[in-house]
Amino acid sequence: MAQRVSGKPRAWQRMLSGRRLDLLDPSPLDIEVADIAHGLARVARWNGQTKGDHAFSVAQHSLLVEEIFRINNPAASADWALAALLHDAPEYVIGDMISPFKATLGEDYKSVEKRLQRAIHLRFALPPDMPAKLAQEIKRADRIAAFFEATRLAEFAEAEAARFFGRPRGFSADRLELKPQPARRAQKAFLARFMLIEKLRNKPR
């Protein structure tokens with residue numbers, strides 16, 4: 001819902017929690033993990049163009065990326081695991097747009113996405129901007145996940161997927177969960193993983 005307050009545009013999204021999130025100036029106080037999990041479990045990767053009775057959701061993709069990130073970085077802290085899990089969290093509000101459309105929208109889309117990501121990080125006590133090394137490792141895990149999603153779910157040939165995402169080395173898709181799940185199951189799994197990471201973050205050091 002768009003409104004004008006004092007002549008300035010203000011765009012609100014009402015969440016099931018009752019929070020009203022301002023997309024133009026998001027406040028960490030209006031972000032709840034339950035809303036993130038609910039939204040991501042109902043946003044389809046690949047514009048829904050995947051095999052199976054259910055969409056492969058962004059919630060499932062987020063779990064997959066976090067798992068690959070941990071395999072690649074076994075010594076990573078729980079903070080960095082949470083950053084990996086939340087790497088696509090803004091999509092609970094703005095959806096998962098395919099890369100060609102993102103490129104068409106350009107900087108406007110990127111600026112909204114970045115503001116949301118920063119607010120989400122602040123809400124969960126993460127640095128608003130990720131260190132370059134962390135961002136690089138999450139991107140690496142993201143590309144590995146995308147390769148397997150493309151070839152196992154979206155009918156890409158391996159050579160085609162390799163051109164876009166690179167060919168994973170030392171990974172087998174057989175060890176990863178790639179079966180599309182019902183939204184409620186994906187939502188529950190995302191929340192469970194979030195809660196486990198938070199428990200690890202809060203352990204005495």
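Select Lys-139 and Asp-142: they form a salt bridge, with the closest N and O atoms 4.0 Å apart. This model is predicted. Both residues sit in helix H7, three residues apart, so about one helical turn separates them. Lys-139 is partly exposed, at 46% relative accessible area. Asp-142 is buried, at 15%.

Glu-137 is buried, with a relative accessible area of 8%. Arg-140 is partly exposed, at 40%.

Next, select Arg-152 and Asp-174. Their closest N and O atoms are 3.9 Å apart, and they form a salt bridge. Arg-152 lies in H7, while Asp-174 lies in the loop between helix H8 (158-165) and H9, so this pair ties together parts 22 residues apart in sequence. Arg-152 is partly exposed, at 41%. Asp-174 is exposed, at 65%.

Move on to Arg-19, Glu-32 and Arg-123. Salt bridges with shared partners join these three into one network.

Last stop: the second largest pocket, with a volume of about 170 Å³. Select some of its lining, including Gln-60, Glu-67, Arg-70, Glu-177 and Arg-193. Helix H2 (58-72) and helix H9 (183-201) each give two or more residues to this lining. Which element gives the most to it? H2 does, with six residues. By type, the lining residues are four nonpolar, two polar and six charged.

Notes:
Residues numbered from 1 in each chain as written. Predicted model: local features only at pLDDT ≥ 70, side-chain atom pairs only at ≥ 80, totals over all residues. Heavy atoms only, no water. 1 Å grid on protein atoms, 1.4 Å probe; cavity = no way out; pocket = protein on both sides within 12 Å on 5 of 7 lines; lining within 4 Å. Points joined across faces, edges and corners; volume = space filled by probe spheres on them. Helix = DSSP H or I, 4+ residues; strand = E, 2+ residues; numbered from the N terminus. Nonpolar A, V, L, I, M, F, W, Y, C, P; charged D, E, K, R; others polar. Buried < 20%, exposed > 50% of the residue type's maximum accessible area, 1.4 Å probe, protein only. Salt bridge = Lys/Arg side-chain N within 4 Å of Asp/Glu carboxyl O.
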